[in-house]
Amino acid sequence: MKQFFVLWFMAIEIAAAQNGLAAEGDVANGKILFTKIGCYQCHGYAGQGGRAGAQLAATSLKVQDVIRYVRHPTLTMPAYTEKIASNQELTDIWAYIKSMPPPKPVKDIPLLNQIKERQ
Ligand code: HEC
């Protein structure tokens, strides 16, 4: 019985991996969905994150990781079901956040450097 479950989980993992490989995602549609579904409310329009959400811009997460997290967040983020955001829509959002430029390093922000120099 135990082996059956192990095989069953492996089959699910393989199917998920294949989905991931096939997934590319539509960046333009992802941008629309990021606003429409409301990810920006906590993660920011530039995916920069902040007090309410983690940085998503230039994410190194794989599409399966993003889908898994959005369906089953571990901390304070609300979960999104398939009804609210389909796997295809999340794949598009993933493609969009991956394409966002990462935030500037602190050393490239003059105001922050001035504050640091004063200390
Ligand atoms: C109500 C605020 C809120 C909204 C809306 C929200 N998130 Fe989040 N998200 C968070 C917070 C806070 C975290 C940090 C971990 C936690 O507390 O769950 C997070 C973490 C994540 C992570 C994990 C990041 C990492 O590097 O580990 C992903 C991926 C993510 N969010 C994607 C999304 C997507 C996609 C949407 C829109 C469908 C979305 N979130 C909407 C608050 C939010």
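The following legends describe close-up views of a predicted model. Local features require pLDDT of at least 70 and side-chain atom pairs pLDDT 80 or more, while totals for chains, interfaces and linings use all residues. Residues are numbered from 1 along each chain as its sequence is written.

**View 1. The shell around the ligand.** The ligand is surrounded by 22 residues (C-beta atom, placed from the backbone, within 6 Å of the molecule). The closest are Cys-39, Cys-42, Gly-53, Leu-75 and Met-77. Two or more residues each come from helix 2 (27–38), helix 3 (40–43) and helix 4 (63–71) (helices are DSSP runs of H or I, at least four residues, numbered from the N terminus). The shell comprises 17 nonpolar residues, five polar and no charged (Ala, Val, Leu, Ile, Met, Phe, Trp, Tyr, Cys and Pro count as nonpolar, Asp, Glu, Lys and Arg as charged, and the others, Gly among them, as polar).

**View 2. The packing of helix 2 against helix 5.** The axes of helix 2 and helix 5 (residues 87–99) lie 7 Å apart at an angle of about 100° (axes are lines fitted to C-alpha atoms over the stretch in contact, and angles run from 0 to 180 degrees between N-to-C directions). Helix 2 is therefore roughly perpendicular to helix 5 (65 to 115 degrees). Residues of helix 2, including Val-27 and Phe-34, meet residues of helix 5, including Ile-93 and Tyr-96 (C-beta atoms, placed from the backbone, within 7 Å). This contact contains six nonpolar, three polar and three charged residues.

**View 3. The largest nonpolar core.** This core has 17 residues (buried Ala, Val, Leu, Ile, Met, Phe, Trp, Tyr and Cys residues joined through C-beta atoms within 7 Å; buried denotes 20 or more other C-beta atoms within 10 Å of the residue's own, placed from the backbone). Helix 5 gives the most to the core, with six residues.

Key. Angles under 35 degrees count as roughly parallel, over 145 as roughly antiparallel, 65 to 115 as roughly perpendicular and the rest as oblique. Two residues are in contact if their C-beta atoms, placed from the backbone, lie within 7 Å. A residue is buried if 20 or more other C-beta atoms lie within 10 Å of its own, exposed if 12 or fewer, and partly exposed in between; C-beta atoms are placed from the backbone.
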